[in-house]
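User: I'd like to go through this model with you, starting with charged side chains and then moving on to pockets and the surface. Can we take it step by step?

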Amino acid sequence: MNQVKFKKIIWTDLVNPTREELEVLQKRYRFHDLDIEDTLSIHERPKIEAHSKHLFLIFKLPRFNKRTRLIEIAELNLFMGSNFVITSHEGKIKLLNQIFEDAKGSLVSRKRLFSEGTGKFLWELLKTLFRDIFPMVDRMSKELRRMERDVFESKVLRNQLKDILIFKRNLITLRRILIPQRAVIESIEALKMQFLPDNLEIFFDDILDKIEKLIESTTSLQDLVDSLRDTNETMLTHSLNNTIRVLTIFSAILLPLTFVTGFYGMNIALPYQDYPNIHLWIIGGMTLLSVFMLVFFKWRKWV
């Protein structure tokens, strides 16, 4: 149980909290049993619970897994009163850990975070966490441009379906994180509590604007990747049709030639078999037949 103190405010950060640790804090700050259960379980959506003297919040944050190339959802549980903040999460959240360590090691950071109360701290924390999503969206935009170049400019057509589907899944995950959180921030703005003074409303508006911009960016990326997927499938289908057409032409040309060679390969008496150099005549006839069929296909614009 790691703690940072500034005057009367205590920030406690719990990584992989146990029920015993939470029950100790529950007795100290009188948390509701359901909030403790929510902290120990995983929720599908962000939420906010306002009690008489404290708030309980659940936020969702994106976490990129380099091994699988997928965006995963990290859950941050937060209890907040006028003189305490408790953050709880499964596994380390890199940026949150960095903020905590900066506050632990620097008086300047503690003053910046806590000098105006826990409400301002909440804004500082959320502003930093949501601002960190913008670089992730920028990287996704660059990845989409790379896939576009591979589809339109590559000399060797490659199936991009797997990359596109991974990209789409990451977009869906990111939107699942952002869209429900918009309502939570709006609820925080509407709350009237001692540690959430009215002058903080404009600050939380700023966070809401950031979320709206992120949602707009992901919507644009969603439209682009859908178009790219359709284009990729169209180009692959066109390439496959061309291949099938060429193979069909080869089959059409070889079919009569196979008949002739099979006919003269039979071990029976055949017409003109005693003529000298008859094999040369057969080869010449087969060649003329092949040329005639190619000219015919060209005339019909099949090749």
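User: Is Glu-233 buried, exposed or partly exposed?

Analyst: This is a predicted model, and in it Glu-233 counts as partly exposed because its relative accessible area is 34%, a value between the 20% and 50% cut-offs.

User: Which residue does Glu-233 meet in a salt bridge?

Analyst: The side chain of Glu-233 meets that of Arg-229 in a salt bridge, with an N to O distance of 3.2 Å. The two are separated by about one helical turn, because they stand four residues apart in helix α8, and Arg-229 is itself partly exposed at 29% relative accessible area.

User: How many salt bridges does the structure hold?

Analyst: The structure holds 15 salt bridges, and one network of them links Arg-69, Glu-143, Arg-146, Asp-150 and Asp-163. Within this group, Arg-146 forms a salt bridge with Glu-143, where the closest N and O atoms are 2.7 Å apart; this pair is three residues apart in helix α6, so about one helical turn separates them.

User: What about the pair Lys-127 and Glu-124, buried or exposed?

Analyst: Lys-127 counts as buried at 16% relative accessibility, and Glu-124 is buried too, with a relative accessible area of 8%. They form a salt bridge whose closest N and O atoms are 3.3 Å apart, and both lie in helix α5, residues 118-131.

User: Switching to pockets, what is the volume of the largest pocket, and which residues lie nearest its centre?

Analyst: The largest pocket has a volume of about 500 Å³. Its lining has 17 residues, and Pro-62, Arg-63, Lys-94, Asp-132 and Met-136 lie nearest the centre. The elements giving two or more residues to this lining are β4, α3 and α6, while by class the lining divides into ten nonpolar, one polar and six charged residues.

User: And how many cavities of 30 Å³ or more are there?

Analyst: The count is one cavity of 30 Å³ or more, and about 70 Å³ of space lies in the largest cavity. Among the residues that line it are Ile-188, Leu-191, Pro-197 and Phe-204, and α7 and α8 are the elements that give two or more residues to the lining. That lining has six nonpolar, no polar and four charged residues.

User: Last topic: which residues make the nonpolar surface patch of about 560 Å²?

Analyst: That patch is made by Leu-289, Phe-292, Phe-296, Trp-299 and Trp-302. One of these, Phe-296, is found in helix α9, residues 278-299, and counts as partly exposed at 32% relative accessibility.

How values were computed
Residues are numbered from 1 along each chain as its sequence is written. This is a predicted model: local features need pLDDT of at least 70, side-chain atom pairs count only at pLDDT 80 or more; totals for chains, interfaces and linings use all residues. Side-chain values use heavy atoms; hydrogens and water are left out. On a 1 Å grid over the protein atoms alone, a cavity is a set of points where a 1.4 Å probe fits but cannot get out, and a pocket is an open set with protein on both sides within 12 Å along at least five of seven lines; lining residues have an atom within 4 Å of a point. Grid points are joined across faces, edges and corners, and a volume is the space filled by probe spheres set on the points. Ala, Val, Leu, Ile, Met, Phe, Trp, Tyr, Cys and Pro count as nonpolar, Asp, Glu, Lys and Arg as charged, and the others, Gly among them, as polar. Patches are made of residues with over 30% relative accessible area and no salt bridge: like charges are joined within 9 Å, nonpolar side chains (Val, Leu, Ile, Met, Phe, Trp, Tyr) within 5 Å. Accessible areas come from the Shrake-Rupley method with a 1.4 Å probe; for residues, only the protein chains shown count as cover. A salt bridge is a side-chain nitrogen of Lys or Arg within 4 Å of a carboxyl oxygen of Asp or Glu. Buried means under 20% relative accessible area, exposed over 50%, partly exposed in between (1.4 Å probe, protein chains only).
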